[in-house]
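I opened my notebook today to walk through one protein chain, a bit at a time. Come along and keep the picture in view while you read.

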Amino acid sequence: MERIFKNHRQHILPIFFLAVLFFIHPVKANAFSVHDRCGTDVYYSYTSDNGVLRISGNGPMNDYSYNYETESYGRPWENWDIKTLIIEQGVTHIGSDAFGDDHCRFTNVVLPSSCISIGENAFSSCEQLTDITLPEGLKTIGNYAFASSGLKSVTLPSTLTSYGDCIFSYCPSISTVTINCNRVPESAFEHCGLINKVTFSSKCTSIDHYAFYGCDFPGNAITIPSTVKSIAQAGIGYGPAGEDCSETKGTLVIIGATGSGAFNYAKKYGFEFRISGYTAPKIKKAVNVKTRRIKLTWNRKTKTTGYQIAYSLSSGFKSGNKYITITKYKTTTKTTAKLKKNKTYYIRIRAYRTVSGKKCYSTWSSAKKVKIKK
C-alpha cells in the first residue's frame, strides 16, 4: 500500500494544490475577457470580472442604432454589466447609441481632448452617470446624447458649433449649467427640474426654443446677461407646447438689463422683469397705527417711477399677499387698509421703473414684522 501511494504521490499532490487554490481563489462562473474592433482603427476590451470597458485606438467609433427585428442595437457590449468606462486619447467620435441603456453602471466619464463629436443617444438613459467632462475641441453633440441620464452638472465647451435637440432633456439631477458656447440649443435642458445655477459666458448670444422649458430656478428667478441678444419662444418657463409659457407668467422672474434680449422676452411674453443691480428702497419705519393699519416709511429712491408694497400673514410671502402701488417716486410713506387684530403681518417694498411701457422692478427690501394691537 505504501508503495502504491509513493508511485501516485507525484500525481496526487498537484491535484491537491489545485483544489486548495480553487477554494482560496474560486473562478467566477461565466467570467470572460474580450478584445475586438468597434471602428476602422478603434478597439474595445472588456473584462467581466471587474466590468471595465476600454475604448482605444485612433479615429471614430462605429455608430449603432436600434433594430426592431432583432430588438438590439448591435453593439458588441450589449447587455454587459459596465461598471467603468475608459475612453482613451485618439478616439475622435463617440458612436450613436454606443452606451445608452441601464446596463451602464459607470458614474463618470472623461472624454479625451481628441474627441470632436458625440453621436445621438450616446449616453441617454445612463441613470448612474453623474459626471461627464466635455473637452474643449468638442464640436458636435447629437440628439438626446445625454437625455434622461443622472448628470448633476454640465459645462458646454466654447468649441461647440453643431447641436442636436434635447441633448440633456429630462435629466432630473442637473443643478449647475455653464454655457461657454455661442447658444443654448433647442430643448437642451427641457424638463430638467430644479437648476440652481446657470452661468453664461460672453460668447453665448442666443437661447433656442424650449432650451429651459419646464425648468425651475432658485427663487423662481433666472439672470440673463445682456450678451444674450435673443430668446426664442418658450425658451424659458412653463406652458403648453408651442405656446408662450403663460403658466409661469405670474411666478418666474427674469433678471437682466433693460433693452436686452431678456427684457424683450419678458415684455413680449408677459414675464415679470427685474433690473440687474437695481436695489430696493430702505425701510425707515413700519408701525401699527390706529384702526388696525400699518404705516410704512421709506427712503426716496432716484431714477424710479414708483413703488410697490407687499404685506402678508406669511413671513415668506408665499400666499395671501396684498399689494399697494405708489405711482409717484417722491412719495415716502403709505398706510395699509384695515388688518386683522392680534395678527402678525410682514411688510416689504420695492421700486419700479417704467421702460417702453413695461414695469421693471428692483429687488425686494427686507421684510418688517408688525403685530396689530390697535
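**Entry 1: strand E30 and its partners.** I began with Thr344 and looked up its bridge partner in E32, which is Lys371. The model is a predicted one, so I kept that in mind for every entry. E30 and strand E32 (residues 368-371) pair in the antiparallel sense, and I noted 4 bridges for them.

Next I looked at E31. E30 pairs with E31 in the antiparallel sense as well, over 4 bridges. For Arg353, the bridge partner in E31 is Cys360. These two strands form a hairpin with 2 residues between the strands, and Ser356 in that hairpin takes a positive phi near 50 degrees.

Then came E27. I found 7 bridges joining E27 to E30, and the two run antiparallel. Gln308 has Arg350 as its bridge partner in E30.

Entry 2: I followed the chain to Ser314, which lies in the loop between strand E27 (306-312) and strand E28 (322-326). Is Ser314 buried or exposed? Its relative accessibility is 18%, and buried means under 20%, so Ser314 counts as buried. I then checked what the side chain of Ser314 reaches: the backbone nitrogen of Lys318, at 3.2 Å. Leaving aside neighbours within four places in sequence, Ser314 is in contact with Ser319 and Tyr346.

**Entry 3: the largest pocket.** I looked up the volume of the largest pocket and wrote down about 310 Å³. It is lined by 13 residues, and the closest to its centre are Thr251, Val253, Glu272, Arg348 and Trp364.

**Entry 4: helix H2.** I turned to helix H2 (residues 261-269) and listed its buried residues: Gly261, Ala262, Phe263, Tyr265, Ala266 and Tyr269. What covers the buried residues of H2? The cover includes strand E21 (230-231), strand E22 (236-237), strand E23 (253-256), E24, E30 and strand E31 (358-361). Just after H2, I spotted Gly270 with a positive phi of about 80 degrees.

Entry 5: I moved to Arg75, in the loop between strand E4 (59-60) and strand E5 (84-87). Arg75 has a relative accessible area of 4%, so Arg75 is buried. The side chain of Arg75 reaches the backbone oxygen of Asp97 at 2.2 Å. Leaving aside neighbours within four places in sequence, I found Arg75 in contact with Tyr64, Asp97, Ala98, Phe99, Gly100 and Asp101.

How many cavities of 30 Å³ or more does the structure hold? I counted 1 cavity, and the volume of the largest cavity is about 30 Å³. Arg75 is one of the residues that line this largest cavity, along with others including Trp77, Trp80, Phe99 and Cys104. The lining of the largest cavity divides into 6 nonpolar, 2 polar and 3 charged residues.

**Entry 6: strand E5.** In a regular strand, the side chains alternate between the two faces of the sheet. Val52 has Thr84 as its bridge partner in E5.

**Entry 7: two positive phi values in one loop.** I looked at the loop between strand E12 (162-163) and strand E13 (176-179), where Cys166 is found. Tyr170 also has its place in the loop between E12 and E13. Phi of Cys166 is near 55 degrees, a positive value in a residue other than glycine. For Tyr170, phi is positive too, near 55 degrees. Cys166 has 10% relative accessibility and counts as buried, whereas Tyr170 is partly exposed, with a relative accessible area of 46%.

**Entry 8: the chain as a whole.** I finished by zooming out. The chain has 2 helices and 32 strands. Of its 374 residues, 44% are buried. Among contacts in the chain with a separation of 6 or more, 45% are between residues 24 or more positions apart.

Note on methods. Residues are numbered from 1 along each chain as its sequence is written. This is a predicted model: local features need pLDDT of at least 70, side-chain atom pairs count only at pLDDT 80 or more; totals for chains, interfaces and linings use all residues. Side-chain values use heavy atoms; hydrogens and water are left out. On a 1 Å grid over the protein atoms alone, a cavity is a set of points where a 1.4 Å probe fits but cannot get out, and a pocket is an open set with protein on both sides within 12 Å along at least five of seven lines; lining residues have an atom within 4 Å of a point. Grid points are joined across faces, edges and corners, and a volume is the space filled by probe spheres set on the points. Buried means under 20% relative accessible area, exposed over 50%, partly exposed in between (1.4 Å probe, protein chains only). A polar contact is a pair of N or O atoms within 3.5 Å; within protein, one must be able to donate a hydrogen and the other to accept it, and residues adjacent in sequence count only if both atoms are side-chain atoms. Contact means heavy atoms within 4.5 Å. Ala, Val, Leu, Ile, Met, Phe, Trp, Tyr, Cys and Pro count as nonpolar, Asp, Glu, Lys and Arg as charged, and the others, Gly among them, as polar. Two strands pair if DSSP finds at least two bridges between them.
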